[in-house]
Amino acid sequence: MSGLFEQLSAYYDPIVDFRPILGVRKTIGVEEFDRYFRVYPRERNTGVWDLGRKAAYEEAVKGMKERTCLIVKKQKEKIIKLIRGGWEIKKLDAMGAIMAELNKSLTTLGEGRSSMEILQKDVVEESVKTVNSFLLGG
């Protein structure tokens, strides 16, 4: 969680973030950490975590987990609805590309290919095949 926390901390701007929640602000974690960063802005970070700061952090993390579960549940319901409606659902697996990007020294998962090569083959090419099949009726 600390990596995400650091990214959110660097991104958060209390002046800009008074606007309505649109675009990137809808990303999981931004809304949940809004209150935390208003009370504990990056500029005042001394590295000391009192009980209040720890509780605010834990509340934000709990909110992220709850919203993630809700989003997954809604997405699953949508997929099931499509399947029941007769749609053939294809799975695209970007995990190899993600893992290769996160750990560039990891060659076994991607068979020595770069993250972009893996993404191209496993996601882009498969997406194009699926869309072409759909558009061409077969």
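**View 1. E32, a buried residue of helix 2.** E32 is buried, with a relative accessible area of 14%, where buried means under 20% relative accessible area, exposed means over 50% and partly exposed covers the range in between, computed with a 1.4 Å probe on protein chains only. The model is predicted, so that local features need pLDDT of at least 70 and side-chain atom pairs count only at pLDDT 80 or more, whereas totals for chains, interfaces and linings use all residues. Residues are numbered from 1 along each chain as its sequence is written, and side-chain values use heavy atoms, with hydrogens and water left out. E32 belongs to helix 2, which spans residues 30-39; helices are DSSP runs of H or I with at least four residues, strands are runs of E with at least two, and both are numbered from the N terminus. A polar atom of the E32 side chain lies 2.8 Å from the backbone nitrogen of G29. When neighbours within four places in sequence are left aside, E32 is in contact with A60, G63, M64 and R67, contact meaning heavy atoms within 4.5 Å.

**View 2. Helix 2 against helix 3.** The axes of these two helices come within 8 Å and cross at roughly 170°, the axes being lines fitted to C-alpha atoms over the stretch in contact, with angles from 0 to 180 degrees between N-to-C directions. Helix 2 is therefore roughly antiparallel to helix 3, given that angles over 145 degrees count as roughly antiparallel, under 35 as roughly parallel, 65 to 115 as roughly perpendicular and the rest as oblique. On the side of helix 2 the contact is made by E31, E32, F33, R35 and Y36, and on the side of helix 3 by R53, A56, Y57, E59, A60, V61, G63, M64 and R67.

**View 3. The largest nonpolar core.** This core holds 11 residues in all, namely F5, L8, V30, F33, Y36, F37, Y40, Y57, A60, V61 and M64; a nonpolar core is a set of buried Ala, Val, Leu, Ile, Met, Phe, Trp, Tyr and Cys residues joined through side-chain atoms within 4.5 Å. Helix 1 (2-11), helix 2 and helix 3 (51-84) are the elements that give two or more residues to this core.

**View 4. I28 in the loop between helix 1 and helix 2.** I28 is partly exposed, with a relative accessible area of 27%. Although I28 and M64 are 36 residues apart in sequence, their C-alpha atoms are 6.3 Å apart in space. Not counting residues up to four places away in sequence, I28 touches M64, R67, T68 and I71.

View 5. S115, found in helix 5, is buried, with a relative accessible area of 10%, and touches A97, A100 and E101, not counting residues up to four places away in sequence.

**View 6. The whole chain, for orientation.** Among the contacts in the chain with a separation of 6 or more, 51% are accounted for by residues 24 or more positions apart.

How values were computed. Polar contact = N/O pair within 3.5 Å; in protein donor to acceptor, adjacent residues only side chain to side chain.
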